[in-house]
Amino acid sequence: MKKETVLSGIRPTGFVHLGNYFGAMRDWVRMQEEYDCYICVVDWHSLTTHPDTKELQSNVYRLMGELLAVGLDPEKCVLYVQSDVPEIAELYLYLNMMAYKGELEKTATFKDKVRQHPNNVNAGLLTYPVLQAADILIHRALKVPVGKDQEQHIEMTRNFAERFNHRYGEIFPLPQAFSYGGGLIKIMSLDGTGKMSKSANQMATLYLADDDELIRKKIMKAKTDSGPTELHSVKPDYIENVFGLMKLVSSEDTVAKFEADFNNCVIRYGDMKKQLAEDMVRFMGPIRERAKAIENNKEEITRVILRGKEKARASADATLQLVRKAMGVNYTG
Ligand code: ATP
Ligand code: MG
């Protein structure tokens, strides 16, 4: 039986962080065993907010290295770069005719980016969800493992696909956002002001490349307060986040101890953060070291990129033929 197709992507905009890892990459590594997985470094998407391309090449190579370091295997999944697959741009063009200005302007990520980059509100930024839809639909993917911040984009992808199918015939299955845990994940930044991110909140984001001392320093500065004064209080967001991180990297006993301390109003956040920092260092250290080793092997990464390109283009071309035929934009048979 043919395996279900999976697509996900990541922008080469900076260093990979814990949100990328737990929100998406961890699932990719698991999914490559069970699905037909396409994992894409989406360099065109980074141009919407990062027009300076001086560091693009090194960012793409480092990101590829990090993807291999967390366990993606080019034997088991198709690992490629978006701009190597021009078929995506053609599908983006067709889908743009099915996307409306009003809905694009209302997208939460668009509004966020307008706030962050008020002097560069370009059309690419507005149509970001359309390009993302093309990334997904070009392989006719069914599952899209992403973090919570991408949920709305996947919903928009379904809308564009439905409109296409309605107008031109059933070409696209309707994809769903996916996470093994059920609910999509959002890792907040350590200062409690937003999500961890490659291109914002850098001192409040834990990057997989951070050295042990920096990890400790950032965690010790994580936002906390003087502790609850009533038994079994509801946790504020930023405290919930520290517990959330602990659940990801510490033992169950450790989490249970601090949960009990919180409920009994005897929690010492300094001790909790010290413990979290040590567990985080233990978790992140080996990934960082693997990434460093692979990153220096440029030739190997080039081979991975070329191999991914070939497989991704074959799949993309097959879809595009169906699309052109359905639309009647093929004139010579
Ligand atoms: P940028 O700030 O440049 O947009 P980013 O950190 O948002 O970078 P993306 O490349 O946009 O990273 O997203 C890659 C994947 O990581 C997506 O699936 C996204 O949902 C997920 N992701 C990003 N940040 C978080 C987060 N804080 N928590 C959970 N998942 C996240
Ligand atoms: Mg992002």
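1. A quick definition before we start: a crossing of two helices is called right-handed if the near helix is turned clockwise from the far one by less than a right angle, and left-handed if it is turned anticlockwise. With that in hand, look at helices H1 and H3: H1 passes H3 in a right-handed crossing. Keep in mind throughout that this is a predicted model.

2. Let's stay with this pair for a moment. Two packed helices are described by how far apart their axes are and by the angle between those axes. For H1 and H3, the axes come within 9 Å and cross at roughly 65°. On the H1 side, the residues involved are Tyr-21, Met-25, Trp-28 and Val-29, and they meet Glu-66, Leu-67 and Val-70 in H3. Sorted by class, this contact has 6 nonpolar residues, 1 charged residue and no polar ones.

3. Now try a second pair, H10 (residues 212–220) and H13 (residues 269–295). Their axes come within 9 Å and cross at roughly 145°, and H10 passes H13 in a right-handed crossing. H10 brings Asp-212, Ile-215, Arg-216, Ile-219 and Met-220 to the contact, while the residues from H13 include Lys-273, Leu-276, Met-280, Met-284 and Arg-288. The class count here is 8 nonpolar, 1 polar and 6 charged residues.

4. Finally, have a look at the second largest pocket, which has a volume of about 280 Å³. Its lining is made of 18 residues, and those nearest its centre are Thr-13, Gly-14, His-50, Glu-55 and Asn-59. By class, the lining divides into 5 nonpolar, 8 polar and 5 charged residues.

5. Which element gives the most to the lining of that pocket? The elements that give two or more residues are helix H2 (43–47) and helix H3 (56–70), and H3 gives the most, with 4 residues.

How values were computed
Residues numbered from 1 in each chain as written. Chains lettered and ligands numbered in written order. Predicted model: local features only at pLDDT ≥ 70, side-chain atom pairs only at ≥ 80, totals over all residues. Heavy atoms only, no water. Axes fitted to C-alpha atoms, helices over the stretch in contact; angles between N-to-C directions. Contact = heavy atoms within 4.5 Å. Nonpolar A, V, L, I, M, F, W, Y, C, P; charged D, E, K, R; others polar. 1 Å grid on protein atoms, 1.4 Å probe; cavity = no way out; pocket = protein on both sides within 12 Å on 5 of 7 lines; lining within 4 Å. Points joined across faces, edges and corners; volume = space filled by probe spheres on them.
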